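Student: I have a protein model open and would like to go through it. Can you help me read it?

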Amino acid sequence: MGAVSDISGDPGLALHEIDCDALGAFLESSARALMEIEVLRHVFGIDRMPADRRGLFAVHFSLYHALYRLKFGAGARGRYLHLDPMRIRLIAVPVTGCRWYSPEEGRFCGLSTTRYDRCALHAHPTGMPDETPSFDPLQEFYLNPGNIAFGESDVLERLMNGVVLYAVRRGEIEQALRLFDLSRPNRPSIDRRYHHLARVHHPDMPGGDAERMKEINRSYQVLKEVFVV
């Protein structure tokens, strides 16, 4: 598996071409979840990552661009790609039973289910079916090749902090997005929606609700940390 440039030098911000089929075969052959650094070393055939921030971001972005592309094809083949920096694993989805996967245990739940592919124990925390569309900012970010340009930007550190925060607090962030009624959020749309909700729910307004306003403020602070542009 190769890249479009030699990452031992200065790869700049070129998107490294990664063979998704070969990447999938490597992940599926592993008997355990792999860390991002292990996958990077295999893909690029090196022991050390680039030391400069630009080069490191280029290989990181290129890997996740390939992983999210692989994720779509994996689903059609009855495979599940678990994707976070600490645990990357491609595994076959069981024909029957619960579709809830435990990265720590490395297996799917064995309980039976008849609806939405989730058992009563692992039902979606919102009470909605698993098929309910959910905006994934990580997917949106990494699938756009042009976003590799953020490797040159001063906002890169804030963006990456937002990526980590989303991975850790995904449920809370998605709840905030539902409160704001946003499906494709960015910072301007979040700000506009906040000001609209504040005009409606602020306790100084007719029919306002102090508790609702507190919830809106908490959600706004969370969203601002994640969606910085």
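**Contacts, fold and cores**

Tutor: In the protein chain, 53% of the contacts with a separation of 6 or more are between residues 24 or more positions apart; contact means heavy atoms within 4.5 Å. The model is predicted, so local features need pLDDT of at least 70 and side-chain atom pairs count only at pLDDT 80 or more, while totals for chains, interfaces and linings use all residues. Residues are numbered from 1 along each chain as its sequence is written, and side-chain values use heavy atoms, with hydrogens and water left out.

Student: OK, how many helices and strands does the protein chain have?

Tutor: There are 8 helices and 4 strands. These are DSSP runs numbered from the N terminus: H or I with at least four residues for helices, E with at least two for strands. The order from the N terminus is α-α-α-β-β-β-β-α-α-α-α-α.

Student: Which residues have the most contacts inside the largest nonpolar core?

Tutor: Leu23, Leu27, Val39 and Leu67, in a core of 30 residues. A nonpolar core is a set of buried Ala, Val, Leu, Ile, Met, Phe, Trp, Tyr and Cys residues joined through side-chain atoms within 4.5 Å. Buried means under 20% relative accessible area, exposed over 50%, and partly exposed in between, with a 1.4 Å probe and protein chains only.

Student: And where does the largest share of this core come from?

Tutor: From helix 3, with 11 residues. Leu67 is in contact with Leu23, Leu27, Leu81, Leu83 and Ile88, leaving aside its neighbours within four places in sequence. Another core, of 17 residues, lies apart from it and includes Phe180 and Tyr220.

Student: New topic. Where does Tyr80 lie?

Tutor: Tyr80 is in strand 1, which covers residues 79–84. His82 is found in strand 1 too.

Student: Is His82 buried or exposed?

Tutor: His82 counts as buried because its relative accessibility is 12%. Tyr80 has 28%, so Tyr80 counts as partly exposed.

Student: What joins the side chains of His82 and Tyr80?

Tutor: A polar contact of 3.1 Å. That term means a pair of N or O atoms within 3.5 Å; within protein, one must be able to donate a hydrogen and the other to accept it, and residues adjacent in sequence count only if both atoms are side-chain atoms.

Student: Which residues does Tyr80 touch, not counting those up to four places away in sequence?

Tutor: Arg89, Leu90, Ile91, Val93, Tyr101 and Phe108.
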